[in-house]
Amino acid sequence: MISLRISRGIGALGSHLKALCASVSSKVEVMGGDNEGRITRVLFCGPHFPASEQYTKEYLQVHPFIQVDDVPLANVPNVIADYHICVVKNMKLSADIISRARKMKLIMQYGVGLEGVDVNAATSHGIKVARIPSDITGNAASCAEMAIYLMLGLLRKQNEMKIAVEQKRLGEPIGDTLLEKTVFILGYGNIGIELAKRLRPFGVKIVATKRSWAPNIDSRDKFNGFLKENPGDALVDKKGIHQDMYEMARIADIVVCCLRQDNETVGIVDQKFLSSMKKGALLVNIARGGLLNYEAVFHHLESGHLGGLGIDVAWTEPFNPADPILKFPNVLITPHVAGVTEPSYRSMAKVVGDVALKLHTGSTLTGLEFVN
């Protein structure tokens, strides 16, 4: 009798274990399956900056449950409902487009600029918006190097040198140097600090403005109760807040615009600002095209008051190669490539990939700077 009961108990236990194993096997199959419910989908908007999507795909190639797509700008509104992450690039994400993003958890930039995103609309729909901090990816350093490239190109008259080569003329044009120049960094953030580091060996004087120069508390000294200045601040010879920008412009030989574009800074380099610059001073913009007032810049180039313009960003992008402003011999333009370098783009691809993996597993998203 006891033997029979044990046998029946073992049989029942075996049946239960078989059922449990079948259940677990089924769950694993569902979790690992390629059904849409278990795929995290990442949308890259538009064809520009192609390495961003390419490098992210390469980073995620061993994770088939993360799908990365690049979609033409015109098609984004029609497909955005199917994606969980949107990498905006130069797409304008309006409230209407965002309202269609029913599965969206995160809108982010492959870099720092979020001026094209309606952050309030995203917030109202429960969607987080973030940028990738430029100081952790090499993006700030890449942009700083481009600023120096444009400065040197203007000082050494790159366009005129090209003509001289074509005409087989030697020993001209006469250029200028960075040595003993005063450089005004308008917007002293991560890029401004990296620029100041690289300018120091050229023997320049650095002046800069930002919203606040309040010192930071160093983590090692919090318990000692004293403040330590941000190390980047020590690179600046003269500091000011944004209201001081006209005074700084009056003493600068070169102005480098490194501001973020927002409602307060759109068109900030206007008639008043340009008129306050030294006659013959140079203007470089590696931030956003909308920071410069086109008509004012054109007027000051035409009058000869502005000695040269070097821009990596334009008022509309892609910029019209036949635009009249490009006819001036002292204007240099590059195709929004200041941050487009191998180290920077590989680092940012890792950030995007890691964020997608964390979102897929429900982990806390890190490595981003959220704005809402």
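The model is predicted, so local features are reported only at pLDDT of at least 70 and side-chain atom pairs only at pLDDT 80 or more, whereas totals for chains, interfaces and linings use all residues. Residues are numbered from 1 along each chain as its sequence is written, and side-chain values use heavy atoms, with hydrogens and water left out. The chain has 12 helices and 13 strands, where helices (H or I, at least four residues) and strands (E, at least two) are DSSP runs numbered from the N terminus.

**Chain as a whole**

- Of the 372 residues in the chain, 45% are buried; here buried means under 20% relative accessible area, exposed means over 50%, and partly exposed lies in between (1.4 Å probe, protein chains only).
- Among the contacts in the chain with a separation of 6 or more, 66% are between residues 24 or more positions apart, a contact being heavy atoms within 4.5 Å.
- The chain exposes about 19100 Å², and carbon and sulfur atoms supply 56% of that area, as computed by the Shrake-Rupley method with a 1.4 Å probe, with only the protein chains shown counting as cover for residues.

**The seven-stranded sheet**

- Seven strands form an open sheet with parallel pairing, in the order β8-β7-β6-β9-β10-β11-β12; two strands pair if DSSP finds at least two bridges between them.
- Because β8 (238–240) and β12 stand at the edges with a single partner strand each, one side of each is left without a neighbour in the sheet.
- The twist in this sheet averages 15 degrees from one strand to the next, with axes taken as lines fitted to C-alpha atoms (for helices over the stretch in contact) and angles running from 0 to 180 degrees between N-to-C directions.
- Strands β6 and β9 run parallel and are joined by four bridges, and Phe184 has Val255 in β9 as its bridge partner.
- Helix α6 lies across β9, β10, β11 and β12, running at about 150 degrees to β10, while α8 lies across β6, β7 and β9 at about 165 degrees to β6.

- Not counting residues up to four places away in sequence, Met151 touches Leu178, Leu195, Leu199, Ile254, Val256 and Val284.
- The buried residues of α8 include Ile193, Glu194 and Leu195, and the buried set packs against α6, β6, β7 and β9.

- Six strands form an open sheet with mixed pairing, in the order β2-β1-β3-β4-β5-β13.
- Because β2 and β13 (369–370) are the edge strands and have a single partner strand each, one side of each is left without a neighbour in the sheet.
- Strands β1 and β3 run parallel and are joined by three bridges, and Phe44 has Val87 in β3 as its bridge partner.
- Helix α12 packs on this sheet, touching β1, β2, β3 and β4, and its direction makes about 145 degrees with that of β1.
- Helix α12 (residues 342–361) has 20 residues and reaches 29 Å from its first C-alpha to its last, close to the 28 Å expected, the expected span being 1.5 Å times one less than the number of residues.
- Buried residues of α12 include Ser344, Tyr345, Met348, Asp354 and His360, and their cover includes α2 (50–59) and α6 (139–155).
- Just after α12, Gly362 takes a positive phi of about 80 degrees.

**The loop around Leu326**

- Leu326 sits in the loop between β11 (308–311) and β12 (331–333) and is partly exposed, with a relative accessible area of 23%.
- Leaving aside neighbours within four places in sequence, Leu326 is in contact with Phe319, Asn320, Pro321, Val331 and Ile333.
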